[in-house]
Amino acid sequence: MKILVEDLPPDGRTVRADLKTHWAKKAAAAVFEVEPTTLSVDLTVERGEGRRVVVRGTASATLTGTCDRCLADVRLEIGGAVDLTYAPESETTSESGDEVRLEEEELDLGWFDGLALDMGEVVSEQLSLWMPPRLLCEDPGVTRIQDGLCLPIAYDDGPEVKRESPFASLANLKLPE
């Protein structure tokens with residue numbers, strides 16, 4: 001779903017989505033690599049300073065997956081407040097064509113083409129920011145579905161293979177006297 005920035009009313013536009021909303025479900029599935037079991041998006045898109053666009057509201061999602069350590073089935077619940085700012089890509093270059101250096105407070109900007117804001121990309125970005133790098137049983141928001149402790153799996157690598165050093169033959173080498 002794309003929102004044309006020039007068509008935004010002065011008080012902004014409300015965007016609501018759930019699992020029945022195709023673009024939002026697709027955006028969440030791209031982040032999670034599985035379809036979410038729940039999804040709720042309630043956002044307001046407003047004009048910001050200059051040509052920037054501000055997205056605020058709440059979002060949440062739930063997915064079932066596997067612990068990356070013990071391979072137990074787990075459920076991850078993520079969500080919270082959304083506060084994202086997007087600037088047109090044209091702000092990355094000056095009138096002379098040189099790249100503009102961003103100030104520290106601008107490093108959390110997202111970028112869009114300056115005409116339309118893709119809400120699927122907004123939802124994907126926010127869910128990606130909340131997604132842990134690894135899914136572990138003891139992570140915040142993770143509930144272990146199976147009983148037991150989260151212990152690493154012991155893999156049987158088979159018998160130890162001992163290889164002779166390629167320099168072993170040099171130990172028996174007799175040098176001429």
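This is a predicted model: local features need pLDDT of at least 70, side-chain atom pairs count only at pLDDT 80 or more; totals for chains, interfaces and linings use all residues.

Me: Which residues of the largest nonpolar core touch the most other members?

Reply: That core has 40 residues, and Phe32, Val45, Val55, Leu117, Met119, Val122 and Leu127 touch the most other members. Two or more residues each come from strand 2 (13-18), helix 1 (22-32), strand 3 (38-47), strand 4 (53-66), strand 5 (73-88) and helix 2 (119-130). As a general point, nonpolar side chains tend to be buried together in soluble globular proteins.

Me: How many cavities of 30 Å³ or more are there?

Reply: There is one, and the largest cavity holds about 40 Å³ of space.

Me: What lines the largest cavity?

Reply: Its lining consists of Val41, Leu43, Ala59, Val82, Val122, Val123, Gln126, Leu127 and Trp130. Helix 2 gives the largest share, five residues, and strand 3 also supplies at least two.

Me: And by class, what is in that lining?

Reply: Eight residues are nonpolar, one is polar and none is charged.

Me: Changing topic: is Val142 buried or exposed?

Reply: Val142 counts as buried because its relative accessible area is 11%, under the 20% cut-off. Val142 belongs to strand 8 (residues 142-144).

Me: What does Val142 touch?

Reply: Beyond residues up to four places away in sequence, Val142 touches Val74, Arg75, Leu76, Leu135, Leu136 and Cys137. The C-alpha atoms of Val142 and Gly65 are separated by 9.8 Å, with the two residues 77 apart along the chain.

Conventions:
Residues are numbered from 1 along each chain as its sequence is written. Side-chain values use heavy atoms; hydrogens and water are left out. Helices (H or I, at least four residues) and strands (E, at least two) are DSSP runs, numbered from the N terminus. Buried means under 20% relative accessible area, exposed over 50%, partly exposed in between (1.4 Å probe, protein chains only). Contact means heavy atoms within 4.5 Å. A nonpolar core is a set of buried Ala, Val, Leu, Ile, Met, Phe, Trp, Tyr and Cys residues joined through side-chain atoms within 4.5 Å. On a 1 Å grid over the protein atoms alone, a cavity is a set of points where a 1.4 Å probe fits but cannot get out, and a pocket is an open set with protein on both sides within 12 Å along at least five of seven lines; lining residues have an atom within 4 Å of a point. Grid points are joined across faces, edges and corners, and a volume is the space filled by probe spheres set on the points. Ala, Val, Leu, Ile, Met, Phe, Trp, Tyr, Cys and Pro count as nonpolar, Asp, Glu, Lys and Arg as charged, and the others, Gly among them, as polar.
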